[in-house]
Amino acid sequence: MSTSTHSSTASPVPRVQPGNAFDELIFFSRSTCSECFAHLRDIEHVAVEHGAVGTRERTLAFPTANAVRGYVSDRRATEPKTFCRECGSESGRALDRTLSQREAVERAHRLADRLDAMDVPAVEDVLVHAVRRLKSDERIQGYDREIFARATKLAIQYAQR
Ligand SMILES: [Zn+2]
């Protein structure tokens with residue numbers, strides 16, 4: 001049985017099928033915003049309050065039932081909510097609206113950055129080009145999630161050639 005002569009010391013790449021990569025690594029990931037694909041940081045440490053003085057962040061200091069740090073509301077510790085620092089989406093959920101082509105292309109670049117940060121090989125030019133092309137097709141341009149999933153698959157497959 002032959003083995004590769006060059007050994008790799010690189011960190012292991014997440015094992016994921018290209019067709020599932022977007023959903024598994026991005027869309028349903030708690031550490032990535034589904035709206036803008038930014039990395040969600042400080043999930044358990046920061047909450048945003050809406051009040052008379054506007055919206056602000058504050059550090060959480062009270063343990064909740066799940067032993068994460070929460071904040072006191074109605075005399076009990078409440079689970080923190082996380083808001084994306086980039087786009088403001090609550091818990092990094094995707095918003096219920098369709099992106100313009102320009103917005104989608106901007107997000108495609110950030111998506112490529114996130115994949116790169118996770119050591120998932122993907123070709124950014126392929127990803128961005130695919131998103132631009134799919135968003136220009138009137139029949140499918142409203143299906144943003146499917147478009148990003150398809151473009152991610154193509155970009156990963158291209159990197160695996
Ligand atoms: Zn976001």
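A residue is termed buried here when its relative accessible area is under 20%. By that criterion, in this predicted model, E35 and R107 are both buried.

These two residues also meet in a salt bridge, at 3.2 Å from N to O. Because E35 belongs to the loop between α1 and β1 while R107 sits in helix α2, the pair ties together parts 72 residues apart in sequence. E35 forms a further salt bridge with R97, where the closest N and O atoms are 3.9 Å apart. R97 lies in the loop between β5 and α2, so this contact joins parts separated by 62 residues. The relative accessibility of E35 is 7%, whereas R97, at 40%, is partly exposed. Together with E103, the residues E35, R97 and R107 are linked in a network of salt bridges.

The protein donors of the ion are the SG atoms of C33, C36, C84 and C87, lying 2.3 Å from it. The arrangement is tetrahedral because the 4 donor atoms subtend angles of 105 to 114° around the zinc ion.

Helix α3 covers residues 124-135 and reaches 16 Å from its first C-alpha to its last. Its buried residues include V126, V131, L134 and K135, and α2 and α4 are among the elements that cover them. K135 counts as buried because its relative accessibility is 5%; its side chain meets that of D144 in a salt bridge of 2.7 Å, N to O. D144 is likewise buried, with a relative accessible area of 11%.

Key:
Residues numbered from 1 in each chain as written. Predicted model: local features only at pLDDT ≥ 70, side-chain atom pairs only at ≥ 80, totals over all residues. Heavy atoms only, no water. Helix = DSSP H or I, 4+ residues; strand = E, 2+ residues; numbered from the N terminus. Expected span 1.5 Å × (residues − 1). Buried < 20%, exposed > 50% of the residue type's maximum accessible area, 1.4 Å probe, protein only. Contact = heavy atoms within 4.5 Å. Donors = N, O, S within 2.8 Å, 3.2 Å for Na, K, Ca; no water. Tetrahedral: all angles 85-135°; square planar, octahedral: opposite > 155°, others 65-115°. Salt bridge = Lys/Arg side-chain N within 4 Å of Asp/Glu carboxyl O.
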